[in-house]
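Keep the 3D view open and find each residue as it comes up.

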Amino acid sequence: MDHQDRDILLKRVNAVRQQLADASGGKYPPPRLIAVSKTQPAERIALLKGSGISDLGENRVQEIQEKWPLLGENFRFHQIGRLQTNKVKYIIEKVCLIQSLDRLSLAQEIDRQSQKHHLVTPVLLQVSPAAEPQKGGAAPEDVRTLLRQCAQLPGLHVRGLMAIMPNTQDEAYLSRLFGEMRTLFDQLREEDISGVSMEELSMGMSGDYLLAARHGATMVRIGSAIFGPRTAPAPEDAIQADNH
C-alpha cells in the first residue's frame, strides 16, 4: 500500500511541477514547491523522499515539534501558520524559515530567542493583500515600516515576503492581487534596504498556484494538490489554512 501511495504522491508532485513550469512561461523561474504537510502523518510525508521535495510547510507549532525528530534529517521545516510569540521558543532551532512574521512584537521575540540560541533566523514578512485581518499579515502600506524595524534586529534576517490570498474564484481579482504583490516585492528589492535580502516571494496555494507562478512567486505552498483532500483542520488552523 505504501508503494502505491508513494507512486500517487510522486505523480502529483511531477504534475504540479510541470504545471508550474508551464505557468511561469519563461518570464520567471518556476517557483520552489513547499509541500504543506499539516495533518499528514510523518510516515506518509516520508514517502516524498526522492521526489525532489525537501521543504515542508506546517501551520502548527505542535506538529513541527512532533514531526521534526522523525523527518528533520531529510526535510526542512517552514512555519507558515500564524505564530504566537509564546510558541517561538519551541521551533526556533527546528525551522529553516518563518514565513508568517507580521508584527513587531513577534519579530522581537524571534530576535530574542535567536540570540539566546546563537542563531540568525530567516523570516518572510507576511502581507495581507486583501486586508483580511483574520488571516494576519501587515497591510501593504505598513510593510516598509515593519521591514526597517526588523532590519535592526540582529537575530533575524528578512529574506522576502509571504502572502495568503482570499479564498475566491474571482480569477481577475486574484490576478490583480498577485500582480500587486509582485510589484511591491520588486520595489522593495530595488530599494536595497540594509540588512534585508529581498529574495523570496512566497504566494500561491492549491487553489491558485498557477496564477502565483504567472506573477513570479518564488515559492508556492501546496498541500491538497499533493496529498489529496485532508480532514477538516482544527479550529485554530481554519482561518489561516484556507486552501493550501
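Which residue stands opposite L56 in β2? It is A35.

1. **What you are looking at.** This is a predicted model, in which local features need pLDDT of at least 70, side-chain atom pairs count only at pLDDT 80 or more, and totals for chains, interfaces and linings use all residues. Residues are numbered from 1 along each chain as its sequence is written, and side-chain values use heavy atoms, with hydrogens and water left out.

2. **Strand β1.** Start with residues 32–36, which form β1. Helices (H or I, at least four residues) and strands (E, at least two) are DSSP runs, numbered from the N terminus. In β1, 4 of the 5 residues are buried, so the strand is largely enclosed by the rest of the structure. Buried means under 20% relative accessible area, with exposed over 50% and partly exposed in between (1.4 Å probe, protein chains only).

3. **Partners of β1.** Two strands pair if DSSP finds at least two bridges between them. β1 and β2 run parallel, joined by 2 bridges. V36 has G57 of β2 as its bridge partner. β1 also runs parallel to β8 (residues 219–222), with 4 bridges. There, R32 stands opposite M219.

4. **Strand β2.** Now look at residues 55–58. D55 and G57 point one way, while L56 and E58 point the other way. All four are buried.

5. **From β2 to β3.** β3 covers residues 76–79 and runs parallel to β2, with 4 bridges between them. E58 has Q79 of β3 as its bridge partner.

6. A pocket is an open set of points on a 1 Å grid over the protein atoms alone, where a 1.4 Å probe fits, with protein on both sides within 12 Å along at least five of seven lines; lining residues have an atom within 4 Å of a point. Of the 14 lining residues, the closest to the centre are T168, Q169, L174, G207 and D208. α8 (209–214) and α7 (171–191) each give two or more residues. The largest share, 3 residues, comes from α8.
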